[in-house]
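Okay, everyone, thanks for coming.

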Amino acid sequence: MNAPVPRHRCRLDVFADYHQFYLWDPDLSDRQPPPTWTDEDVTNRAKAAGGAVVICPVRNMNVPVELGIWDGEPALDTVQWQHIVEAPLVSTGMIELHECTGGALAAFSVEAGDYTVRALYRGLDTLSEDGLDGGDHYEVQIWRARCPALTVVKRWP
C-alpha cells in the first residue's frame with residue numbers, strides 16, 4: 001500500500017521577517033496577523049486567531065518551507081522534528097501562505113470549513129552565532145479537520 005501524499009505541495013523560500021510568516025484565509029483575516037502577542041505565543045513559536053495562523057521560525061531571514069494540503073491527517077513522525085504545533089484555521093475557500101512584510105507566495109482553493117495546521121520545525125539548533133545562517137527547516141501540513149485550540153505537540157526549549 002502506498003503512503004498518502006498531499007493533494008497540493010510546494011517548496012518555498014520564505015522571508016521570515018520579524019521571525020514570522022502567515023497561513024490565512026484572506027477574507028476572514030483581512031490579510032492581517034493577530035495584533036496582540038503573549039509570552040506564551042512567543043514560547044509556542046506560533047499563534048492562531050482571526051482566520052490566521054502565524055508560524056515563527058528561529059531566523060529572521062529566508063527559510064525553507066514545505067507546504068502540503070492533505071485529504072486527511074498525515075502520519076506524524078515526532079522523532080525527526082524538534083518542535084511541533086497544531087493550530088485551528090477556518091477557511092471560506094482559500095488558504096494563502098503570506099510573508100510578514102512581503103506578499104502571498106502561494107494560494108490554494110479549498111473547501112470551506114475547519115482545518116488543522118500542523119507546523120513542524122527542525123534544525124533549530126544549527127543557527128550561526130549571529131542568527132543569520134542555519135540549517136533550520138519548516139514543514140506545514142494542512143488538512144480538513146476541526147482543531148479546538150493551538151496545541152504544542154512537541155516543545156523545543
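Let's start with Gln 82, which sits in the loop between strand 5 and strand 6. When I say helix or strand, I mean DSSP runs numbered from the N terminus: H or I with at least four residues for helices, E with at least two for strands. Quick caveat before I go on: this is a predicted model, so local features need pLDDT of at least 70, side-chain atom pairs count only at pLDDT 80 or more, and totals for chains, interfaces and linings use all residues. Residues are numbered from 1 along each chain as its sequence is written, and side-chain values use heavy atoms, with hydrogens and water left out.

Back to Gln 82, then. Buried or exposed? Buried, at 18% relative accessible area. The cut-offs here are under 20% for buried, over 50% for exposed, and partly exposed in between, with a 1.4 Å probe and protein chains only.

What does the Gln 82 side chain reach at 2.6 Å? That would be the backbone nitrogen of Leu 124. There's also a polar contact of 3.4 Å between the side chains of Gln 82 and Asp 125. A polar contact is a pair of N or O atoms within 3.5 Å; within protein, one must be able to donate a hydrogen and the other to accept it, and residues adjacent in sequence count only if both atoms are side-chain atoms. If you ignore neighbours within four places in sequence, the contacts of Gln 82 (heavy atoms within 4.5 Å) include Tyr 121, Arg 122, Lys 154 and Trp 156.

We have an open sheet of six strands, order 1-5-10-9-6-11, with mixed pairing. Strand 1 (8–15) and strand 11 (151–154) are the edges, each pairing on one side only. Pairing means DSSP finds at least two bridges between two strands. Strand 9 and strand 10 (residues 137–144) run antiparallel to each other, over eight bridges, and Arg 118 has Gln 141 of strand 10 as its bridge partner.

How many salt bridges do we get? Nine, by that rule.

Arg 118 has a salt bridge to Glu 73, with the closest N and O atoms 2.7 Å apart. Glu 73 is in the loop between strand 5 (62–70) and strand 6 (83–91), and Arg 118 is in strand 9 (residues 113–122), so this pair ties together parts 45 residues apart in sequence. Glu 73 is exposed at 54%, while Arg 118 is buried at 0%. Arg 118 also meets Glu 86 in a salt bridge at 2.8 Å, N to O. That one links strand 6 to strand 9, 32 residues apart, and Glu 86 is buried at 17%.

Then there's Glu 96 with Arg 31, a salt bridge at 2.6 Å, N to O. Glu 96 is in strand 7 (residues 94–99) and Arg 31 is in the loop between helix 1 (26–29) and helix 2 (39–44), so the pair ties together parts 65 residues apart in sequence. Glu 96 is buried at 6%; Arg 31 is partly exposed at 43%.

Last one: Arg 9, Arg 11 and Glu 66 are linked in a salt-bridge network. That's my tour, thanks.

Notes: A salt bridge is a side-chain nitrogen of Lys or Arg within 4 Å of a carboxyl oxygen of Asp or Glu.
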